[in-house]
Amino acid sequence: MSRAGHVLVASLLAQGLDHYTCVPGESFLPVLDAIVDLDDRVDLTVCRHESPAAHMAEAYGKLTGRPGVCFVTRGPGAFHASIGVHTADQDATPLLLFIGQISRADRGRGAFQEFDSHQVFGSIAKWVATIDAPRRIPETIARAVRIATSGRPGPVVIELPEDMLYEDVEGLTLPVVAPIASAVDASISDVIGDALARASRPLVVLGRGGWGEEQNGNVREFAEANDLPVVAAWRCQDHIDNDAPSYVGHLSLSTEPDLARLVEESDLVIGFGGHFGDVDTAGYTLLAPDASRTVIHLAHDGFDLDRYLHADIAVQSDSVTATRAVKGLRVDSSAWAPRTRAAREDWVRRSTPTADDELANMVSWLADRLPDDAVISNGAGNYAVWVHRYYRYRRYGTQLAPANGAMSYGLPAGIMASVLDGTRPSIVFGGDGCFLMSSMELATVASRGLPVIMVVVNNGAYGTIRMHQEREFPGRSSGTSLVNPDFAALARAHGIGGSTVTDRDGFAAAITAALEAGAPHLVEVLTDVARISPTKRITEAGLV
């Protein structure tokens with residue numbers, strides 16, 4: 001005889017899911033009680049806010065390919081965690097969010113913190129379920145894992161009525177989810193080869209969801225053997241080694257004109273994974289459907305096909321199978337090899353900082369200093385433009401950045417990277433506005449003694465909004481200036497080392513000392529809001 005809360009944890013463990021995040025709530029106490037008995041098999045990270053808790057679990061999904069698991073309580077707890085569900089949906093990341101709910105007998109009475117999870121999460125989760133009977137726990141968990149990881153990965157939300165978790169049940173088996181085999185017709189290599197034979201300006205695009213280190217190697221072999229230029233979709237820069245001669249940049253909110261031109265002029269686009277969204281296509285202006293362009297799209301799920309860019313050849317396949325099918329393909333690349341070399345030279349130029357840009361030189365120094373397996377995480381804000389432009393990602397699983405532009409993401413994601421493997425550096429970037437949205441998790445860093453290095457870029461403003469404001473209403477700043485704490489002192493108040501720097505030398509010294517110490521440290525970088533991006537300045541005349 002087992003209590004339902006214990007069955008739930010045992011069912012998760014049966015699926016190989018042993019890392020959980022939470023903010024404790026009285027609505028799922030039997031789950032917490034089960035962890036007491038299974039403490040040697042469960043790694044529980046207790047957070048100070050549900051939003052970072054959900055983002056930590058989402059980062060687990062990115063790093064492992066298995067669903068992250070987060071427990072929150074009903075009402076405010078669930079709504080706080082909803083940002084993590086939205087991130088998992090936009091980023092195609094497997095996630096299980098468990099919500100402790102009101103007792104079954106109280107439904108519909110306006111009970112304390114009552115709400116309808118199915119209506120609230122129905123538009124952003126792949127599946128929303130309620131477990132009303134303890135006997136349904138094992139099958140529901142198995143199905144949730146299947147749904148979260150199959151096709152286009154994504155989030156699943158499961159309600160746990162509080163009274164159900166206290167019930168006893170016996171005689172249950174715990175099914176283990178087996179992977180679904182995905183076959184690609186052997187002829188796809190011939191199809192792509194024929195398309196390349198007719199092309200003069202081909203392009204490979206790497207999208208979100210279901211990627212891995214093998215896919216990195218497969219695509220690199222395919223691209224380098226055939227002199228193909230490869231671009232990463234929005235925040236997918238770690239999908240290929242940025243030092244590879246075939247890598248020519250990434251599509252972002254500030255895609256450079258030369259890269260945009262390369263994309264737009266391509267007569268053959270071969271896409272792996274993901275979908276072509278508004279960021280990747282500059283607000284649906286690049287890659288508009290064009291009869292003169294051939295598109296081959298190998299996607300995880302039919303859901304990602306034809307959402308904007310029509311696929312002339314559409315293949316539903318997991319990325320491992322798809323990239324294995326093409327890695328051995330060899331064609332005559334003489335028609336486009338010079339174009340690829342020129343595009344690579346453009347990328348090298350864009351990613352080389354000017355002498356007067358201190359932040360750019362800090363990030364570039366970091367790229368040269370860190371090992372290939374270091375994890376770089378960030379949330380949203382103009383500071384991230386410097387990170388994405390000047391850092392070189394060399395292995396998959398080293399970039400944790402939210403495709404949905406969620407501020408506050410960087411710190412919880414970096415925490416999870418360190419929880420999973422504290423031997424590789426975990427570097428968190430955050431703007432002053434972004435970082436404060438999850439700064440309560442400094443307490444989590446301290447409580448677990450995680451060697452996370454946090455870089456807070458402080459320009460005293462909500463920089464991205466200020467940039468748009470200066471473009472639309474020059475010289476009329478409103479609501480975008482910030483009064484900040486001393487971030488280094490804030491870290492020290494938590495028992496974490498803190499430094500304040502203004503130039504590359506100071507930055508390098510602080511980071512080097514933190515890496516050598518193997519202890520958490522926060523580096524506050526003071527910058528001028530006038531330097532709003534690597535290529536834009538705020539002047540009296542407005543944005544230039």
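Contact here means heavy atoms within 4.5 Å. Residues are numbered from 1 along each chain as its sequence is written, and side-chain values use heavy atoms, with hydrogens and water left out. The structure is a predicted model, in which local features need pLDDT of at least 70 and side-chain atom pairs count only at pLDDT 80 or more, while totals for chains, interfaces and linings use all residues.

**The chain as a whole**

The secondary structure comes to 20 helices and 22 strands, where helices (H or I, at least four residues) and strands (E, at least two) are DSSP runs numbered from the N terminus. The radius of gyration of the chain is 24 Å, close to the 24 Å that the globule rule gives for 544 residues, so the chain is as compact as a globular protein of that length; the radius is taken over C-alpha atoms, and the rule is 2.2 Å times the number of residues to the power 0.38. Along the principal axes, the C-alpha atoms fill a box of roughly 70 × 60 × 45 Å.

Of the 544 residues, 58% are buried, a term that stands for under 20% relative accessible area, with exposed meaning over 50% and partly exposed in between (1.4 Å probe, protein chains only). Among contacts between residues at least 6 apart in sequence, 77% join residues at least 24 apart. The chain exposes about 20500 Å², and carbon and sulfur atoms supply 50% of that area, as computed by the Shrake-Rupley method with a 1.4 Å probe. There are 46 positive and 67 negative side chains, and the centres of the two sets lie 2 Å apart; Lys and Arg count as positive and Asp and Glu as negative, without His or the chain ends, and each charge is placed at NZ of Lys, CZ of Arg, CG of Asp or CD of Glu.

**Individual residues**

The following table gives the accessibility of selected residues.

| Residue | Relative accessibility | Class |
|---|---|---|
| L12 | 0% | buried |
| C22 | 1% | buried |
| R107 | 39% | partly exposed |
| S189 | 16% | buried |
| C236 | 1% | buried |

L12 is found in helix α1 (residues 4-14). Leaving aside neighbours within four places in sequence, L12 is in contact with L17, Y20, V69, F71, L96, F98 and I141. V456, by comparison, is 444 residues from L12 in sequence and 36 Å from it in space, C-alpha to C-alpha.

S189 lies in helix α8 (residues 188-198), and beyond its neighbours within four places in sequence, S189 is in contact with A325 and L329.

R107 is placed in the loop between β5 (95-101) and α5 (117-121). With neighbours within four places in sequence set aside, the contacts of R107 are I102, E114, T130, D132 and P161. The C-alpha atoms of R107 and P161 are separated by 9.8 Å, although the two residues are 54 apart along the chain.

**A covered helix**

Helix α15 (residues 410-420) is mostly covered, with 10 of its 11 residues buried; among them are L411, I415, M416 and V419.

**Cysteines**

A disulfide is taken as a pair of cysteine sulfur atoms within 2.5 Å, and by this rule the count comes to zero. The sulfur of C22 is 6.9 Å from the closest cysteine sulfur, in C47, which is too far for a bond. C236 is likewise in no disulfide, the nearest cysteine sulfur, that of C434, being 19 Å away.
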